[in-house]
Amino acid sequence: MTLNDLPLVTIDGKPTSLAAYADQVKLIVNVASRCGLTPQYTKLEELQEKYGDRGFTVLGFPSNQFFQELGSSEAIADFCSTTYGVTFPMFEKVKVNGRHQHPLYAELTKTPDAEGNAGKVKWNFEKFVVTPDGQVHRFRPTTQPDAPEIVGLIEASLPATAL
């Protein structure tokens with residue numbers, strides 16, 4: 001089974017999978033509404049607006065793993081939309097660590113970060129860039145979404161634009 005085959009549920013309850021985004025560069029992020037890193041939503045949305053029409057998408061996965069997410073999908077969706085103008089796809093709350101870890105995160109967390117460390121998600125807003133060929137790149141929570149290493153990877157993985 002590949003990442004694209006794993007079943008997912010959108011924040012509004014519709015079944016889907018990453019196959020819907022198979023040909024895109026994906027920035028997968030575990031998000032939370034009441035975290036010191038929550039302002040990263042602004043930069044995530046800026047990336048979506050800048051690269052969204054070129055084969056890129058941010059995919060937000062709310063998680064209450066660190067006790068900083070709102071209770072319901074409706075409250076999360078409303079917060080993201082009204083506070084940060086989020087237009088990128090959001091999914092139902094998931095567990096990113098532990099016994100009930102979502103299968104997506106069970107796969108993603110096998111990938112080491114730049115220091116060679118794989119394993120548990122350390123905090124909210126951990127980022128995984130997945131290229132269309134299935135390569136996974138991991139960035140820890142304090143790495144900003146618009147950090148040169150993330151933007152460079154996104155740009156290098158997108159199709160060339162016509163001049």
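## A buried threonine to start

Threonine 131 counts as buried because its relative accessibility is 7% (buried means under 20% relative accessible area, exposed over 50% and partly exposed in between, with a 1.4 Å probe and protein chains only). You will find threonine 131 in the loop between β5 and β6 (136–139). Helices (H or I, at least four residues) and strands (E, at least two) are DSSP runs, numbered from the N terminus. Leaving aside residues up to four places away in sequence, threonine 131 touches Gln24, Lys26, His137 and Ser157, where contact means heavy atoms within 4.5 Å.

## About the model

This is a predicted model, in which local features need pLDDT of at least 70 and side-chain atom pairs count only at pLDDT 80 or more, while totals for chains, interfaces and linings use all residues. Residues are numbered from 1 along each chain as its sequence is written, and side-chain values use heavy atoms, with hydrogens and water left out.

## Two nonpolar cores

Let's look inside. A nonpolar core is a set of buried Ala, Val, Leu, Ile, Met, Phe, Trp, Tyr and Cys residues joined through side-chain atoms within 4.5 Å. The largest one here has 30 residues, and Leu27, Tyr41, Phe56, Met90 and Ile154 have the most contacts inside it. Two or more residues of this core come from each of β3 (25–31), α1, β4 (56–62), α2 and α4. There is also a second, separate core of 18 residues, with Leu18, Val96, Leu104 and Val121 among them.

## How α1 meets α4

Helix α1 (residues 40–51) packs against helix α4 (residues 148–157) at an angle of about 25 degrees, and their axes are 12 Å apart. Axes are lines fitted to C-alpha atoms, for helices over the stretch in contact, and angles run from 0 to 180 degrees between N-to-C directions. The two helices are therefore roughly parallel to each other (angles under 35 degrees count as roughly parallel, over 145 as roughly antiparallel, 65 to 115 as roughly perpendicular and the rest as oblique).

On the α1 side, Leu47, Lys50 and Tyr51 meet Val151, Ile154 and Glu155 of α4. By class, this contact has four nonpolar, no polar and two charged residues (Ala, Val, Leu, Ile, Met, Phe, Trp, Tyr, Cys and Pro count as nonpolar, Asp, Glu, Lys and Arg as charged, and the others, Gly among them, as polar).

## Two phenylalanines with positive phi

Phenylalanine 67 has a positive phi of about 60 degrees, although it is not a glycine. Its place is the loop between β4 and α2, and phenylalanine 67 is exposed because its relative accessible area is 73%.

Phenylalanine 125 also has a positive phi, near 70 degrees. This residue sits in the loop between α3 (103–108) and β5 (127–130). Is phenylalanine 125 buried or exposed? Phenylalanine 125 is buried, with a relative accessible area of 0%.

Valine 29 lies in strand β3 and counts as buried, at 0% relative accessibility. Although valine 29 and phenylalanine 125 are 96 residues apart in sequence, their C-alpha atoms are 5.5 Å apart in space. Beyond residues up to four places away in sequence, valine 29 touches several residues, including Leu44, Tyr105 and Phe125.
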